[in-house]
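Please look over the structure shown here.

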Amino acid sequence: MQQPYSFHPAGDQALLLTFGQAADMALDAEANARVMALYQDLQKQAPTWLRDLVPSLRALLIYYDSSQLSYAALCTLIEGELAALGAHQGDDGGRHLCLPVCYDDEFALDLTSVAEAKGLSTDAVLAKHQASHFKVYMLGFMPGAPYLGGLDPDLSLPRRASPRAVVPAGSVAIASTMGVIYPKQSPGGWHVLGRCPLPLFDPSNDAAPCLLAPGDFIRFQAISRDDYEALLADPRGYQVLDGHAGAAAA
Amino acid sequence: MIEIIEPGPLTSIQDRGRWGHQAQGIGPSGVMDTRLAQIANALVGAPLSQAVIEFWGMGPSLRALDHPVTLAVAGQAQPSSGHAAFQTLTLKPRETLQIGPLRGHAIGYLAFAEPLDAPVWLGSQATHIRAGLGGHKGRLLAAGDRLALRPAGEQGRPLRYIEPDRALLVNDKPIRLVAGPQDQDFDPAALETLVSQPYQLTSLCDRMGYRLEGPALQHKVSADIASDGIAMGSVQVPANGQPIILLAERQTTGGYTKIATVVSCDLPRFVQSLPGTRLRFSWVSVEEAQAAVLAETQALDRLCADLPLRLDMSNTSLLSANLISGVVSGT
């Protein structure tokens with residue numbers, strides 16, 4: 001059965017479409033799949049009234065040109081799109097990517113404390129992190145920063161009691177039922193397990209400043225410190241598309 | 001080419017914003033007061049999408065270098081600084097323009113007849129100051145910065161002016177709000193409080209957002225939601241119940257409840273308010289908001305298309321008329 005959805009005006013120039021119960025904080029793969037299906041559908045159609053789209057965990061913010069269609073007309077139009085998408089849950093628009101992570105002691109700031117909190121060995125934590133099939137539920141917080149759903153529930157734990165003032169750029173971290181990667185150095189309260197050498201945000205790359213896109217599927221692969229340093233110096237040779245995933249898109 | 005002599009505290013290159021990239025976490029940024037920026041461009045005969053220099057509180061001082069520069073200042077100057085605002089001006093090479101402090105409102109604009117030659121990144125020249133992106137080297141303008149203007153197409157632009165009262169919307173009518181997107185997460189009394197009590201603008205105002213102070217707005221259960229997109233003018237309320245109105249440099253997404261959104265044609269009046277101002281709000285439906293926006297857009301387009309010509313005086317006669325004394329001077 002499909003979840004209910006609801007329309008909410010976000011002023012006179014944007015509409016927020018929310019799936020499921022707004023008060024429900026639980027992350028919901030189905031809600032996000034429906035967000036992504038509509039996001040990818042509208043992006044493909046690129047209607048003239050569309051100004052911007054912000055997909056998030058369980059909602060899609062649609063910026064529109066109100067001189068071309070009213071709020072009521074947009075709601076009707078989106079209802080039609082949702083009906084047409086129907087049972088089709090989308091999800092085939094996302095790429096399958098494999099990201100390298102160095103879990104070196106120097107980078108894995110919270111590996112020991114996560115292992116202790118979950119009663120696991122550090123090796124088991126890393127194995128579960130690499131076995132998790134993540135999906136980019138949204139990008140936000142800063143340019144290129146992904147919120148990754150799909151963390152192995154065995155690794156779920158609240159944020160750090162005291163956030164760090166400085167989390168280094170590239171840090172790969174977890175909290176609650178999610179994963180994240182910090183594109184730039186910033187404050188942060190997530191548990192850091194390793195570091196990714198690839199630039200997640202590169203403003204000099206006009207065509208694609210962000211490595212990841214909403215709807216992408218991600219898995220992490222451990223690399224050595226030497227490989228990390230080499231990729232940090234020159235990431236261009238790394239094949240980010242996942243050769244092991246059957247559904248890899250171009 | 002122009003050179004910035006003194007930049008002022010918060011001066012940056014902006015345009016209508018960088019749209020279409022919020023799904024990647026890249027916010028639109030752009031001018032805070034779209035209305036005043038449009039008027040500034042109209043004064044120099046430029047399209048409304050052309051990049052302008054936005055300044056806060058204190059305007060920059062700048063110098064024309066190699067060529068004459070046709071420009072206009074949209075901002076109410078202090079009487080002591082003379083008055084070059086709200087009209088088309090031409091700086092001769094080596095002449096300087098000192099804009100000085102603004103009076104009675106927060107933000108001013110400087111528009112140029114010839115487009116600023118700053119890099120276009122993802123379709124826009126707007127500076128996102130927090131992210132260090134766009135504009136001139138991704139930052140505020142600084143003393144010594146030189147900005148190129150693309151070559152003049154035509155000489156002798158018509159000189160125009162506008163009365164300050166028509167350019168700046170100053171009145172104490174309530175700022176109109178559309179409820180949502182998370183109004184249902186608030187105690188019903190909060191929706192009544194927001195429009196029946198005044199809220200004072202604090203000094204914590206910048207391009208990201210303005211913080212207000214007033215009776216606390218109570219949530220039903222929690223101030224937190226699963227993060228979602230934030231529209232321009234969103235009235236976000238964290239757990240302390242004090243509203244923050246999110247503006248041009250807002251984050252693309254956030255995890256606090258948003259009780260309402262400011263109607264877009266009331267944003268110019270809101271963002272021009274100074275810290276300490278006691279603001280009143282009122283509710284309108286989204287249909288009423290869209291009708292008001294359409295009417296305002298048409299009225300502004302008519303105003304900009306029909307700016308009166310200034311008397312055809314040379315700068316010399318302007319100086320003698322004491323219109324721009326102390327503002328334009330040769331060096």
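Predicted model: local features only at pLDDT ≥ 70, side-chain atom pairs only at ≥ 80, totals over all residues.

Residues are numbered from 1 along each chain as its sequence is written, chains are lettered from A and ligands numbered from 1 in the order in which they are written, and side-chain values use heavy atoms, leaving out hydrogens and water.

**Helix pair in chain A**

- Helix 1 (residues 29-45) and helix 2 (residues 71-85) of chain A pack at about 110°, with axes 11 Å apart. Helices (H or I, at least four residues) and strands (E, at least two) are DSSP runs, numbered from the N terminus. Axes are lines fitted to C-alpha atoms, for helices over the stretch in contact, and angles run from 0 to 180 degrees between N-to-C directions.
- That angle makes helix 1 of chain A roughly perpendicular to helix 2 of chain A. Angles of 65 to 115 degrees count as roughly perpendicular, under 35 as roughly parallel, over 145 as roughly antiparallel and the rest as oblique.
- The crossing of helix 1 and helix 2 of chain A is right-handed. A crossing is right-handed if the near helix is turned clockwise from the far one by less than a right angle, and left-handed if anticlockwise.
- From helix 1 of chain A come A:Ala37, A:Leu38, A:Asp41, A:Leu42 and A:Gln45; they meet A:Ile78, A:Glu81, A:Leu82 and A:Leu85 of helix 2 of chain A.
- This contact of helix 1 with helix 2 of chain A has six nonpolar, one polar and two charged residues. Ala, Val, Leu, Ile, Met, Phe, Trp, Tyr, Cys and Pro count as nonpolar, Asp, Glu, Lys and Arg as charged, and the others, Gly among them, as polar.

**Helix pair in chain B**

- Helix 1 (residues 34-43) and helix 5 (residues 286-305) of chain B pack at about 25°, with axes 10 Å apart. They are therefore roughly parallel to each other.
- The crossing of helix 1 and helix 5 of chain B is right-handed.

**Helix 3 of chain A**

- A:Leu111, A:Val114 and A:Ala115 are the buried residues of helix 3 (residues 111-118) of chain A. Buried means under 20% relative accessible area, exposed over 50%, partly exposed in between (1.4 Å probe, protein chains only).
- Down the axis of helix 3 of chain A, the buried residues fall within an arc of 100°, so they line one face. The arc is that of the directions from the helix axis to the C-beta atoms.
- A:Glu116 and A:Ala117 are exposed on the other side of helix 3 of chain A.
- The buried residues of helix 3 of chain A pack against helix 4 (122-131), strand 9 (171-175) and strand 12 (191-195) of chain A. Contact means heavy atoms within 4.5 Å.

**Loops and backbone**

- B:Thr127 sits in the loop between strand 8 (107-112) and strand 9 (146-147) of chain B. B:Thr127 has 0% relative accessibility and counts as buried.
- B:Phe86 has a positive phi near 60° and is not glycine. At 1% relative accessibility, B:Phe86 counts as buried.
- A:Ser176, also not glycine, has a positive phi near 55°. A:Ser176 counts as partly exposed at 39% relative accessibility.
- B:Gly180 and B:Pro181 are joined by a cis peptide bond, with omega about 10°.
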